[in-house]
Amino acid sequence: MSENRQMTPRELIHRLGTLSKPDRTLDGELGKLIGYTRRFKVDIDPATGEQRHTPVWDAPNGGEARMPQFTKLIHDAHLLAQALFPDSIGGASWDEVGGAARIDAGRYVTAANPAIAICIAALEQMDDIDAGDEGDDESQEDAPD
């Protein structure tokens with residue numbers, strides 16, 4: 001995948017659904033969705049004197065930050081859901097097999113762990129909104145003046 005191309009929510013849902021464990025690459029894709037940006041910091045290696053280009057993330061509110069572990073930590077997955085849908089409610093559960101989550105009246109999502117399930121549930125809510133917006137546009141076009 002190209003460094004500059006942002007994955008769509010539908011692509012992320014598919015990739016997250018195939019995970020058997022957390023994935024830092026997908027954490028970065030989820031972060032970009034809510035405003036994290038990646039850049040390279042140039043510094044000098046003190047031992048060799050050579051230039052180093054170190055990738056760093058900037059948080060949506062500014063400043064260098066560690067990318068949250070959305071696909072590993074329930075707390076970080078909750079941050080993603082709240083960033084996307086601050087007025088929503090949801091829940092998550094887990095057992096020896098994996099995790100499950102639901103946001104608002106969405107479907108119950110199962111995944112490898114509860115954090116991944118929360119991420120998928122949030123993205124499905126986005127996908128529902130996108131689909132709803134498209135339907136609204138069509139109905140407005142067909143409506144008489």
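User: What pattern does the protein chain follow when read along the sequence?

Analyst: In this predicted model, the protein chain follows the pattern α-α-β-β-β-α-β-β-β-α. The chain has 4 helices and 6 strands.

User: Why is α1 called roughly antiparallel to α2?

Analyst: The axes of helix α1 (residues 9-17) and helix α2 (residues 24-33) cross at roughly 155°. Angles over 145 degrees count as roughly antiparallel, and therefore α1 is roughly antiparallel to α2. The two axes come within 11 Å, and α1 passes α2 in a left-handed crossing.

User: Which residues make the contact between α1 and α2?

Analyst: From α1, the contact is made by Leu 12, Arg 15 and Leu 16. From α2, Leu 26, Glu 29, Leu 30 and Leu 33 take part.

User: What percentage of the residues of the protein chain count as buried, and what makes a residue buried?

Analyst: A residue is buried when its relative accessible area is under 20%. By that cut-off, 37% of the 145 residues count as buried. The chain exposes about 9100 Å², of which carbon and sulfur atoms supply 50%.

User: What share of the contacts with a separation of 6 or more comes from residues 24 or more positions apart?

Analyst: Such residues account for 44% of those contacts in the protein chain, where contact means heavy atoms within 4.5 Å.

Methods:
Residues are numbered from 1 along each chain as its sequence is written. This is a predicted model: local features need pLDDT of at least 70, side-chain atom pairs count only at pLDDT 80 or more; totals for chains, interfaces and linings use all residues. Side-chain values use heavy atoms; hydrogens and water are left out. Axes are lines fitted to C-alpha atoms, for helices over the stretch in contact, and angles run from 0 to 180 degrees between N-to-C directions. Helices (H or I, at least four residues) and strands (E, at least two) are DSSP runs, numbered from the N terminus. Angles under 35 degrees count as roughly parallel, over 145 as roughly antiparallel, 65 to 115 as roughly perpendicular and the rest as oblique. A crossing is left-handed if the near helix is turned anticlockwise from the far one by less than a right angle, and right-handed if clockwise. Buried means under 20% relative accessible area, exposed over 50%, partly exposed in between (1.4 Å probe, protein chains only). Accessible areas come from the Shrake-Rupley method with a 1.4 Å probe; for residues, only the protein chains shown count as cover.
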